[in-house]
Amino acid sequence: MIVIGGPASNNLDERIAKILGVTNIKVYHKLFPDNESYLRLENVDIVKGEDVVIVQSLYPPQDKHFIELLLLIDLVRDYGAKTVISVVPYLAYARQDKRFLEGEPISVKTILKSLSVIGVDYLITVDIHNRDSLKYFKGKGAYDVTAIPVLSNYIRENIGLENLLVLAPDKGALWRARELASRLNLEYDYLEKFRDRYTGEVKIKPKSISVKGRRVLIIDDIISTGGTIALASRESLYQGATEVYVACTHALLVDSAVEKLRKANVSKVIATDTVPSPYSAVSVAPVIAEKLRGIVN
Ligand code: R5P
């Protein structure tokens with residue numbers, strides 16, 4: 001097996017290859033003056049007849065990173081890779097998993113169809129927004145691995161479990177809170193969220209759970225603008241929580257997200273290395289490596 005790190009691998013390729021004890025190569029990458037990506041794999045012939053893993057995340061600029069991923073897949077196919085496994089730690093466009101309004105594309109379908117067509121045999125992603133979306137991938141297999149085991153280890157060791165209540169910011173994310181809470185033997189609940197599909201504004205309705213006097217850990221898949229978590233944090237503190245911690249898989253932190261979280265009095269944010277961020281203290285390499293062992297062996 002050969003693990004190739006694309007320009008947006010965030011060094012996960014190195015961590016995965018180290019765990020598996022396999023060859024790791026980096027793609028040479030530069031930008032042309034007009035901003036198009038130039039890629040080159042030295043000694044490219046080593047991919048011939050091999051199981052080739054391409055690690056490329058789709059954090060912003062997601063469209064550029066997606067094109068680079070397509071170029072890399074096509075490249076190793078041209079040079080005779082036996083199996084192509086695409087590891088996409090953060091799968092962009094996954095939140096547009098249906099037509100919320102008539103006339104919209106199902107963006108995640110387009111992304112996954114493209115990967116199938118270009119020649120990906122297996123796809124591995126981490127905490128995809130909605131697992132059902134994987135049905136749009138038409139290769140040999142698509143897998144969503146969860147960061148919850150590595151996040152929960154970190155939380156146990158760095159936050160402590162005393163008086164800790166796990167909260168999902170909405171009902172859809174309740175399973176995530178349940179899974180984390182059951183690993184840590186904690187109570188869990190959710191906050192009610194409503195997103196206006198036209199203005200994009202997120203509101204959180206008061207909930208019945210008592211957070212009074214509790215330390216709260218809010219878990220979500222993505223922090224993008226930070227609006228959802230900032231509201232959840234403020235609401236929890238308003239209702240009497242003593243401290244608010246936040247765990248997420250993908251810390252995109254666009255616009256002034258960091259500032260918003262600070263102003264909402266979040267004590268600590270814990271995120272993974274699917275996306276580079278100041279909070280990405282937890283690596284998902286172990287859970288990806290485990291899945292790769294299952295696919296290739
Ligand atoms: C939404 O359904 C996701 O699970 C996240 O809650 C959302 O993407 C967070 O976005 P933002 O940080 O912009 O509120």
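**Entry 1: Glu42**

I began with Glu42, which is found in the loop between strands E4 and E5. The model is predicted, so I note its limits: local features need pLDDT of at least 70, side-chain atom pairs count only at pLDDT 80 or more, and totals for chains, interfaces and linings use all residues. Residues are numbered from 1 along each chain as its sequence is written, and side-chain values use heavy atoms, with hydrogens and water left out.

Is Glu42 buried or exposed? Glu42 counts as exposed, at 54% relative accessibility. The classes I used are buried for under 20% relative accessible area, exposed for over 50% and partly exposed in between (1.4 Å probe, protein chains only). I then looked up the separation of Glu42 from Ala177: they are 135 residues apart in sequence and 44 Å apart in space, C-alpha to C-alpha.

**Entry 2: helix H5**

**Entry 3: H4 against H5**

Two packed helices are described by the angle between their axes and the distance between the axes. I noted that the axes of H4 and H5 come within 10 Å and cross at roughly 50 degrees. That makes H4 oblique to H5. Axes are lines fitted to C-alpha atoms, for helices over the stretch in contact, and angles run from 0 to 180 degrees between N-to-C directions. Angles under 35 degrees count as roughly parallel, over 145 as roughly antiparallel, 65 to 115 as roughly perpendicular and the rest as oblique.

H4 passes H5 in a right-handed crossing. A crossing is right-handed if the near helix is turned clockwise from the far one by less than a right angle, and left-handed if anticlockwise. From H4, the residues Ile148, Pro149, Ser152, Ile155 and Arg156 meet Arg176, Glu179, Leu180, Arg183 and Leu184 of H5. By class, this contact of H4 with H5 has five nonpolar, one polar and four charged residues. Ala, Val, Leu, Ile, Met, Phe, Trp, Tyr, Cys and Pro count as nonpolar, Asp, Glu, Lys and Arg as charged, and the others, Gly among them, as polar.

**Entry 4: H1 against H8**

I turned to another helix pair. Helix H1 (residues 12-20) and helix H8 (residues 285-296) pack at an angle of about 55 degrees, their axes 9 Å apart. That makes H1 oblique to H8. The crossing of H1 past H8 is right-handed.

Which residues of H1 and H8 meet? In H1 I found Leu12, Arg15, Ile16, Ile19 and Leu20, and in H8 Ala285, Pro286, Ile288, Ala289, Leu292 and Arg293. The contact of H1 with H8 has nine nonpolar, no polar and two charged residues.

**Entry 5: backbone details**

Just after H5, Asn185 takes a positive phi of about 60 degrees, although Asn185 is not a glycine. Asn185 lies in the loop between H5 and E10 and counts as exposed, at 71% relative accessibility.

Asn35, also not a glycine, has a positive phi of about 85 degrees. I located Asn35 in the loop between strand E3 (28-31) and strand E4 (37-40). Asn35 is partly exposed, with a relative accessible area of 44%.

The peptide bond from Pro60 to Pro61 is cis, with omega near 0 degrees. Pro61 has its place in the loop between strand E5 (51-55) and helix H2 (62-78).

**Entry 6: two loop lysines**

Lys140 lies in the loop between strand E7 (122-126) and strand E8 (141-145). I read Lys140 as exposed, at 58% relative accessibility. Not counting residues up to four places away in sequence, Lys140 touches Asp121 and Tyr122. Lys140 and Asp121 are 19 residues apart in sequence and 5.2 Å apart in space, C-alpha to C-alpha.

Lys212 sits in the loop between strand E12 (202-205) and E13. Lys212 is exposed, with a relative accessible area of 64%. Leaving aside neighbours within four places in sequence, Lys212 is in contact with Gln239, Gly240 and Ala241.

Methods:
Helix = DSSP H or I, 4+ residues; strand = E, 2+ residues; numbered from the N terminus. Contact = heavy atoms within 4.5 Å.
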